[in-house]
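Trainee: I would like to look closely at one part of this model, the open spaces in its surface, and I would be glad if you took me through them slowly.

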Amino acid sequence: MKEEGFMQEFNWISDLKLRVGYGITGNQDIGNFMYDKTYNVNSRFATMWNQQLVTGYEISGISNPNLKWEETAQLNIGIDYGFANNRFRRVIDFYRKVTSNLLLEVDAIQPAVSNKFLDNVGEMTNTGIEFSIGGNAIEKEDFVWNSGFNIAYNKNEITKLNEDRDIFYGTISGKGGGGNLQILRVGESLGTFYGRKFTAMKEGVDGEGNKTYTEEFEEGEHILGNALPKVTLGFTNSFTYKKFDLAFVIRSSLGGKIYNNTRAELQNGRLPNMNTNKEGAADYQKGAGSITYASSRWIENASFLRLDNMTIGYNFEIFPKVIKSARVSATAQNLFVITSYTGYDPEVNNQTRSGGINSLGVDYCSYPHARTFLLGLNLNF
């Protein structure tokens, strides 16, 4: 577009491009022959035929001859432009993805040979915008500073379900834990938490004079937040000063929620015979017993700011007749995380699966991101 006549008066724009794309893709990661009934070997059904043992089979999977491909239609519109002789570049992308004929395992009407079968259950949309800018903020003979920033927003929404029927998933784990805490519902998004809304802890005395410390909730069950972030951000920088160089990457996620399943279990009436946390010990002294897992009491803010990576290096000369160049460097990963989350790491997920759907934003004894330090020496002969 920069070459068009009407752009000639905009001298400060050194490059301008408009991109438009549209396509439809299918979901092939669904396994083979999922539309047909399946069989398993079962020795109980073996029989003798002509004095030979014949293997017995039983139907183990329900057929669905009406099964269709899950399809995602995506529209992308983007603008790339540069200014100051392309010293700085910006990219703006808008997209809309519509996924139809969602493939999920659903409950089969009983009695049946299986509890679940694969079906097309509805439709989902993702609409978002992404913006990035980058370039050399400072460019001197001995000093160069290159910087980049990006921000992305995505809105996910379930727009159709068969018979508008809610689908529950997101398995709860732990002592006494059971059931699900996430829901697919028309008008809500993937990763929506659903359960009882916690209001307060109430101290009291039971009929035998023992202290009690019980949870109180609003009536009914409610939408309790969402695991998907509202906004994600990234910030990269690299500096070069003479023979020294420094680079780092900062990343942030804002607006998401996380279910602290680990904290819930540790406070679930584990004393006097099992380990607990400080809050669980304090609750026990007040007379607390078992907890309600699927409640907002254990849902926390998952927003964070993380220093993902930092590297500092130095280029030097040594034995120039043998070694053309040399560089020593030190790299640190996951140096710090700023978050209000009380668990180890807000960016973890316990990969449980229910109804063919992976849980989102559930932390149950998940291993946090490791902090690592590396030293490097590069020699170019």
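How much space lies in the largest pocket?

Mentor: Please keep in mind that this is a predicted model, in which local features need pLDDT of at least 70 and side-chain atom pairs count only at pLDDT 80 or more, while totals for chains, interfaces and linings use all residues. Residues are numbered from 1 along each chain as its sequence is written, and side-chain values use heavy atoms, with hydrogens and water left out.

The largest pocket holds about 1,000 Å³ of space. A pocket here is an open set of points on a 1 Å grid over the protein atoms alone, with protein on both sides within 12 Å along at least five of seven lines, and a residue counts as lining when it has an atom within 4 Å of a point. The volume is the space filled by probe spheres set on the points, which are joined across faces, edges and corners.

Around the largest pocket there are 39 lining residues, and those nearest its centre are M124, N156, L190, L228 and L360. Several strands, meaning DSSP runs of E with at least two residues, numbered from the N terminus, take part in this lining: β7 (88-100), β8 (103-107), β10 (122-139), β11 (143-161), β18 (231-241) and β25 (357-358) each give at least two residues. Of these, β11 supplies the largest share, six residues. Sorted by class, the lining has 18 nonpolar, twelve polar and nine charged residues, where Ala, Val, Leu, Ile, Met, Phe, Trp, Tyr, Cys and Pro count as nonpolar, Asp, Glu, Lys and Arg as charged, and the others, Gly among them, as polar.

The lining of the second largest pocket divides into eight nonpolar, four polar and seven charged residues.

Notes:
1 Å grid on protein atoms, 1.4 Å probe; cavity = no way out; pocket = protein on both sides within 12 Å on 5 of 7 lines; lining within 4 Å. Helix = DSSP H or I, 4+ residues; strand = E, 2+ residues; numbered from the N terminus.
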